[in-house]
Amino acid sequence: MSAQSQVRRKTVRDIIAAKQGEPLVCLTAYDAPTAAIMDPYCDLLLVGDSVGMVVHGLTSTVGVTMEMMILHGQAVMRGSDRAFVVVDMPFGSYETSADQAFLNASRIMKETGCQAVKIESGTYAAHQIEHLVERGVPVMGHVGLRPQAINVVGGFKAQGRDEAERERVMEEARAAEEAGAFAIVIEGVAEDLADEITKTLSIPTIGIGASASCDGQILVTQDMLGIFDWTPKFVRRYGDLQSEIAKSVEAYARDVRARTFPAEAETYKLSGSGKANLPKG
């Protein structure tokens with residue numbers, strides 16, 4: 001048996017067991033090579049519908065399709081063998097009915113092999129979550145700032161800043177837990193509200209722009225690695241890949257224009273037999 005086949009992928013039980021334990025390390029992933037790099041360090045990889053913005057150049061997540069989520073989910077599953085993989089259900093794929101939600105969630109799980117789906121869980125979604133869980137689909141909830149709802153709230157604005165909003169976010173979190181969600185993402189809320197939700201719920205909370213007291217943390221990987229000029233307030237940059245990539249492309253362009261690339265080391269030569277010295281295979 002190979003070493004790779006002996007690696008055990010994390011399960012729902014592993015994620016649930018992290019409640020009030022060592023914080024869960026979570027990042028977004030959209031392709032196989034990046035997933036492979038992050039896999040040894042992350043407990044959970046989220047194939048987020050943020051892929052529409054950070055990979056496809058959309059202005060919001062609303063335009064993301066099922067086909068996009070499945071394609072990227074397949075890639076992340078190929079690139080990882082340890083982390084628990086969750087795939088977002090895109091806007092319009094679950095809101096109409098519980099049956100619609102199951103049809104699309106089951107398709108995502110069958111075609112990608114992921115371990116769970118995530119739903120932006122307004123109180124209306126509790127019925128969908130319950131329906132999915134009863135039929136064998138693990139569901140992660142998502143409350144607070146819900147990017148799929150930006151056209152209603154008027155943009156990417158922090159939530160829970162007044163009493164009415166706080167009550168709504170707390171109600172959404174409780175509804176998701178009661179419906180059977182195994183964990184919940186809390187995005188863009190006041191720290192004390194995230195603390196209250198984390199203490200109130202028996203399932204793990206994963207913060208993004210929330211609180212260090214959450215049971216785990218997640219960031220969009222491209223934000224964390226410094227791919228973009230602007231990042232949200234809650235992002236800490238752990239790299240400056242935009243600058244590094246630009247330097248590499250600039251050097252490549254310079255060498256091509258100077259005809260110093262390709263050089264002898266990158267060029268095939270004829271062997272003594274008169275045949276090109278090409279690699280075997």
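A salt bridge is a side-chain nitrogen of Lys or Arg within 4 Å of a carboxyl oxygen of Asp or Glu. In this predicted model, Arg-8 and Asp-14 meet that criterion, because their closest N and O atoms are 3.0 Å apart. Arg-8 is exposed, at 54% relative accessibility. Asp-14 is partly exposed, with a relative accessible area of 25%.

Side chains of opposite charge can pair when their charged atoms come close. A search of the whole structure finds 11 salt bridges. One of them joins Arg-107 and Glu-67, with an N to O distance of 3.3 Å. Arg-107 belongs to helix H5 (residues 98-112). Glu-67 belongs to helix H4 (residues 66-79). The pair therefore ties together parts that are 40 residues apart in sequence. Both residues are partly exposed: Arg-107 has a relative accessibility of 27%, and Glu-67 has a relative accessible area of 47%. These two residues also take part in a network of salt bridges, in which Glu-67, Arg-107 and Glu-111 are linked.

Arg-168 is partly exposed at 28%, whereas Glu-172 is buried at 3%. The value for Glu-172 counts as buried because the cut-off is under 20% relative accessible area.

Aromatic contacts were examined next. A pair of aromatic rings is described by the distance of the centres and the angle of the planes. The structure holds 2 aromatic pairs. In one, the ring centres of Phe-84 and Phe-182 are 5.6 Å apart. Their planes stand at 70 degrees, so the pair is edge-to-face. Phe-84 lies in strand E3 (residues 84-88). Phe-182 lies in the loop between helix H8 (163-179) and strand E6 (183-187). The contact therefore ties together parts that are 98 residues apart in sequence.

Tyr-252 and Phe-261 form another aromatic pair. This pair is also edge-to-face, at 5.8 Å centre to centre and 65 degrees between the planes. Tyr-252 is partly exposed, at 49% relative accessibility. Phe-261 is partly exposed too, with a relative accessible area of 35%.

Terms used:
Residues are numbered from 1 along each chain as its sequence is written. This is a predicted model: local features need pLDDT of at least 70, side-chain atom pairs count only at pLDDT 80 or more; totals for chains, interfaces and linings use all residues. Side-chain values use heavy atoms; hydrogens and water are left out. Rings of Phe, Tyr and Trp (its six-membered ring) pair if their centres lie within 6.5 Å; planes under 30 degrees apart count as stacked, over 60 as edge-to-face and the rest as tilted. Helices (H or I, at least four residues) and strands (E, at least two) are DSSP runs, numbered from the N terminus. Buried means under 20% relative accessible area, exposed over 50%, partly exposed in between (1.4 Å probe, protein chains only).
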